Amino acid sequence: MKLVGFFNRDGGTFRTTDMQAYERRAEAVFGEAGHDFEALVFSGSEIVPAMQRAARRDDIDGIVAGGGDGTISAAASIAWKNGVALGVVPAGTMNLFARSLRVPLDIWTALEVLAFGEVDNVDIASANGRPFIHQFSAGLHARMVRYRNAYTYRSRLGKMRASTRAAFGVVLNPPEFEVDFEAGDVRERRRVSAVSVSNNPFGENALLYADSLTGGELGFYTAKPLKPLGVARLAIDLLRGKVRENADVMIMHPAEVHLHFPKLHSKANCVMDGELLPLERDVSLKLHPGELKVLVQEGLAAQVDEAERREPAS
């Protein structure tokens, strides 16, 4: 394959990495695997336009993106829209999409896995036409991100500390709002503290990422209006990977979800793949099964298919 690698030197692990050495290693590894590969390093502000330009080229089979979840989300959107493959080098704080794809979290090992891997097709979702690979959310999560963004931090550890402070702030001041939703055959108005829609249902893990990205369904979650104690209980269940056991959470698995916020505040926010955005009054969320091409470990697609075939029987 003809591939171009884009590495965000401002992203997490790359901040403390010799990027010249990493460029050389990436080109050597992909070259050994038989690919035509060029590695490029950009700042966070430069990398998305560079990926957009490359993906429009006729001679490119795919892009390899290295950075945090924001960089990877942007790269997935570009790859999907241009019909090229995406390789993910996890260099951020959470690396949620990489975890779902089972890419090693070590940035050096990831190069080997991607270079000698294979192309698989996975699901991607969209909200009002804007693609996302992980999650759309409003309410508790959006308020926490807004609180976190008000703090100053310069490192991965600093971001984690800011997130912890923000989480305590949300526990003490949880939101409450109305939402009309249509999911499958269900139409309902609810008063909630949180709404979340994920690209495939979350697995039983504390970080809330999908175990599989080929299930062909969204994860749709709402939480009843919560007081501080209820938010604390929900946070504990999230950390235990036991959100399904929380009595205040409703879970559905539709292919589409339509949301309407009848009393939308002018400054209301949502979060898409970690990015804080203005919340629209009406949001249409859809799954696009198998439309994103990704590089994964050789043989992984067959293993996942076999596991999913066994699951209904068990």
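A nonpolar core is a set of buried Ala, Val, Leu, Ile, Met, Phe, Trp, Tyr and Cys residues joined through side-chain atoms within 4.5 Å; buried means under 20% relative accessible area, exposed over 50%, and partly exposed in between (1.4 Å probe, protein chains only). In soluble globular proteins, nonpolar side chains tend to be buried together.

Before you start, note that this is a predicted model, where local features need pLDDT of at least 70, side-chain atom pairs count only at pLDDT 80 or more, and totals for chains, interfaces and linings use all residues. Residues are numbered from 1 along each chain as its sequence is written, and side-chain values use heavy atoms, leaving out hydrogens and water.

**First stop: the cores**

Select Phe6, Phe7, Leu86, Val89, Phe97, Leu101 and Leu292: within the largest nonpolar core, of 52 residues, these have the most contacts. Helices (H or I, at least four residues) and strands (E, at least two) are DSSP runs, numbered from the N terminus.

Next, centre on Phe97. Leaving aside residues up to four places away in sequence, Phe97 touches (heavy atoms within 4.5 Å) Asp69, Ile72, Leu86, Val88, Ile133, Leu213, Leu292 and Val294. Then pick Phe136, Ala183, Cys270 and Leu285, which are among the 27 residues of a second, separate core.

**Second stop: two asparagines**

Go to the loop between β5 (118–127) and β6 (130–132) to find Asn128. Though not a glycine, Asn128 has a positive phi of about 50 degrees. Asn128 is partly exposed, at 36% relative accessible area.

Finish with Asn200, in the loop between β10 (194–199) and β11 (218–223). Its phi is also positive, near 70 degrees, in a residue other than glycine. Is Asn200 buried or exposed? Asn200 counts as buried, at 2% relative accessibility.
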